[in-house]
Amino acid sequence: MDCDPAVLRQRALDKDPDLIEDLFACFQQDLLRFMRQRCGNVVDAQDAVQDAFEAGVRYLEGYRGDASLKNWLYRLAASACSRMRRGQKNDPGLHEPLLESGASMAEALGQQAEAMLAARMLPLREVLSALTPTDRAVLLLRDGEGLSTTEAAQELGISEAALKSRLQRTRAMLRAKLGE
Amino acid sequence: MSKLLKDLTEATFDQTVDRKDDVPVIIDYWAPWCAPCRFMTPVLEKLAKELGDEVIICKVNVDEERRIAEMAQIRAIPTMHIVQHGKLVDVLVGLQDEQALRQRLAQLRKAAA
């Protein structure tokens with residue numbers, strides 16, 4: 001399957017009926033990761049992503065190629081998160097006004113900001129990828145997911161003392177490599 | 001809201017931000033319930049007063065202008081976008097130091113001169 005944005009865009013403009021399944025395969029994991037932060041919990045994130053793809057099926061015919069399909073799906077899912085925060089029932093039909101807005105300066109800035117922030121994260125990603133799987137898990141569970149020492153130690157099946165030691169060492173290494 | 005800082009809406013966003021001249025535009029995405037956002041307001045007002053026409057400082061209330069916030073992919077507040085010549089030149093997430101902000105604006109003005 002080709003996840004190249006230009007290929008996917010052309011398939012959308014050609015009204016390819018199989019496209020939505022491939023979009024799901026290409027972007028589901030990225031969307032879930034993003035929405036987990038945006039929505040604040042896994043369940044809402046899963047709902048938002050599902051909603052985005054349902055809305056995608058419904059509105060793909062109206063896609064004009066103004067935004068990348070990935071950003072288009074992000075917007076649909078982000079919109080679903082916002083509605084859930086307001087306590088509104090999630091419904092793909094509620095996306096209609098958003099889709100009518102088309103491209104705008106705000107959307108262009110959003111795309112540029114995403115690229116800029118991703119570039120800033122590259123050094124961190126490189127350092128994280130060089131960690132051992134256990135050290136990376138320790139760091140992500142404690143500093144990323146916010147688990148307590150006890151919870152993270154149970155999750156990983158190691159002692160609390162071992163977890164603290166790994167965390168301290170990994171944080172020191174990150175500070176040294178990232179210069180902060 | 002201070003008159004020094006322009007509140008942006010969907011109707012005014014593009015015409016305010018998409019400038020062809022050298023003047024940098026700061027867009028501060030905020031919400032009334034966000035304490036760090038409230039700390040930024042006097043800093044931005046001070047800069048707007050000091051720098052006058054050399055900078056345009058705007059605010060977007062993300063609760064009232066949800067579509068702008070969604071399109072601009074705002075994931076945390078406060079977030080500031082600095083735009084010059086219609087292009088994003090910096091993204092600042094979280095509470096910002098006044099001196100650092102002042103230096104960044106000076107760099108942009110110097111680069112444009």
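Please keep in mind that the model is predicted.

**The sheet of chain B**

Let us start with the strands. Chain B holds an open sheet of 5 strands in the order E1-E3-E2-E4-E5, and the pairing is mixed. Strand E1 (6-7) and E5 are the edge strands, each pairing on one side only. Helix H6 (residues 105-130) of chain A packs on this sheet, where it touches E2, strand E4 (79-84) and E5 of chain B. The direction of H6 of chain A makes about 60° with that of E5(B). H4(B) also lies across E2, E4 and E5 of chain B, and it runs at about 15° to E4(B).

Because 6 of its 6 residues are buried, E2(B) is largely enclosed by the rest of the structure. In a regular strand, side chains alternate between the two faces of the sheet. In E2(B), both faces are covered: Val25(B), Ile27(B) and Tyr29(B) are buried on one side, while Ile26(B), Asp28(B) and Trp30(B) are buried on the other. E2(B) pairs with strand E3 (residues 56-61) of chain B in the parallel sense, over 6 bridges. Within this pairing, Asp28(B) stands opposite Lys59(B) of E3(B).

**Gln96 of chain B**

Moving on from the strands, you will find Gln96(B) in the loop between strand E5 (87-93) and helix H4 (98-112) of chain B. Is this glutamine, Gln96(B), buried or exposed? Its relative accessibility is 19%, and the cut-off for buried is under 20%, so Gln96(B) counts as buried. The side chain of Gln96(B) reaches two backbone oxygens: that of Gly94(B) at 2.9 Å and that of Val93(B) at 3.3 Å. Leaving aside neighbours within four places in sequence, Gln96(B) is in contact with Met40(B) and Met80(B).

**Helix packing in chain A**

Over in chain A, helix H9 (residues 160-178) packs with helix H7 (residues 133-144), and H9(A) also crosses helix H8 (residues 149-156). The table sets out both pairs.

| Helix pair | Axes | Angle | Residue classes in the contact |
|---|---|---|---|
| H7(A) and H9(A) | 9 Å apart | about 90° | 5 nonpolar, 2 polar, 6 charged |
| H8(A) and H9(A) | within 9 Å | roughly 100° | 4 nonpolar, 2 polar, 2 charged |

With that angle, H7(A) is roughly perpendicular to H9(A). H8(A) and H9(A) are likewise roughly perpendicular to each other. The contact of H8(A) with H9(A) is made by Thr149(A), Thr150(A), Ala152(A), Ala153(A) and Leu156(A) on the H8(A) side, and by Glu160(A), Leu163(A) and Lys164(A) on the H9(A) side. In the other pair, the H7(A) residues include Val138(A), Leu139(A) and Arg142(A), and the H9(A) residues they meet include Leu163(A), Arg166(A) and Leu174(A).

**Leu141 of chain A**

Which residues does Leu141(A) touch, not counting residues up to four places away in sequence? They are Gly146(A), Leu147(A), Ala152(A), Glu155(A) and Leu156(A). Leu141(A) itself is found in helix H7 of chain A, and it is buried, with a relative accessible area of 15%. Leu141(A) and Leu156(A) are 15 residues apart in sequence, and their C-alpha atoms are 9.3 Å apart in space.

Key
Residues are numbered from 1 along each chain as its sequence is written. Chains are lettered from A and ligands numbered from 1 in the order in which they are written. This is a predicted model: local features need pLDDT of at least 70, side-chain atom pairs count only at pLDDT 80 or more; totals for chains, interfaces and linings use all residues. Side-chain values use heavy atoms; hydrogens and water are left out. Buried means under 20% relative accessible area, exposed over 50%, partly exposed in between (1.4 Å probe, protein chains only). A polar contact is a pair of N or O atoms within 3.5 Å; within protein, one must be able to donate a hydrogen and the other to accept it, and residues adjacent in sequence count only if both atoms are side-chain atoms. Contact means heavy atoms within 4.5 Å. Axes are lines fitted to C-alpha atoms, for helices over the stretch in contact, and angles run from 0 to 180 degrees between N-to-C directions. Angles under 35 degrees count as roughly parallel, over 145 as roughly antiparallel, 65 to 115 as roughly perpendicular and the rest as oblique. Ala, Val, Leu, Ile, Met, Phe, Trp, Tyr, Cys and Pro count as nonpolar, Asp, Glu, Lys and Arg as charged, and the others, Gly among them, as polar. Two strands pair if DSSP finds at least two bridges between them.
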